Amino acid sequence: LTANGIFIYLAFKSPPNLVVSDFYERGEAYEETQKRIEKEKSLGWTGLILAPTNTRVNQVQNYEVLLQGKNSIGLDLDSVTIHAYRPSDARADFSLDMMKKQTGVYTADISFELPGIWDLIVEAKQGEQEFLTTKRITISP
């Protein structure tokens, strides 16, 4: 009983932080997000995130994204940002600006502080146009 009591205390002391505080606002933005996705499809852009195959905690590695427009032409964009989300702990989330390596290829050196599943979302912008591409990766301990 004592061990169960300790686990219950620890569970309430440090919750996993899976619920966001602005859940209502995010729910209202859902329709706008769906419209944005439809608009992205009409752009004809494609994206591919290239992640290292063996990734470990606190190991700096290079991540690249290939972004192409219609007819597979590389895109010269205003900004490209990579967002890393950890589904089990929102406190570990972070974002980095990616640097242009060549037309259509953007890169960033990233180190993950925690092992487990991470969702990578690359947000590319050119003027008023925006494009998102995603990839789920696993970081080893």
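This is a predicted model: local features need pLDDT of at least 70, side-chain atom pairs count only at pLDDT 80 or more; totals for chains, interfaces and linings use all residues.

User: How many residues of helix α1 are buried?

Analyst: In general, an α-helix has 3.6 residues a turn, so residues three or four places apart point the same way. Helices are DSSP runs of H or I with at least four residues, strands are runs of E with at least two, and both are numbered from the N terminus. Buried means under 20% relative accessible area, exposed over 50%, and partly exposed in between, with a 1.4 Å probe and protein chains only. In α1, the count of buried residues among its 12 residues is zero.

User: Which residues form a nonpolar patch on the surface?

Analyst: Patch residues have over 30% relative accessible area and no salt bridge, and nonpolar side chains (Val, Leu, Ile, Met, Phe, Trp, Tyr) are joined within 5 Å, like charges within 9 Å. A salt bridge is a side-chain nitrogen of Lys or Arg within 4 Å of a carboxyl oxygen of Asp or Glu. Here the patch consists of Ile 6, Phe 7, Tyr 9 and Leu 10, with about 450 Å² of accessible area together (Shrake-Rupley method, 1.4 Å probe, only the protein chains shown counting as cover for residues). Phe 7 belongs to α1, residues 2-13, and counts as exposed because its relative accessibility is 59%.

User: What is the strand order of the open sheet?

Analyst: Strands of a sheet pair through backbone hydrogen bonds, either parallel or antiparallel. Two strands pair if DSSP finds at least two bridges between them. The order here is β4-β3-β7-β8, with antiparallel pairing. Strands β4 (94-97) and β8 (129-139) each have a single partner strand, so one side of each lacks a neighbour in the sheet. Between β7 (residues 116-126) and β8 there are 11 bridges, and Asp 119 stands opposite Arg 136 in β8.

User: What is the phi of Asn 58?

Analyst: Most residues other than glycine have a negative phi. Asn 58 has a positive phi of about 60 degrees and lies in the loop between β1 (46-50) and β2 (61-68). Asn 71, in the loop between β2 and β3 (79-85), likewise has a positive phi, near 60 degrees. Asn 58 is exposed at 54% relative accessibility, and Asn 71 is exposed at 71%.

Definitions and conventions
Residues are numbered from 1 along each chain as its sequence is written. Side-chain values use heavy atoms; hydrogens and water are left out.
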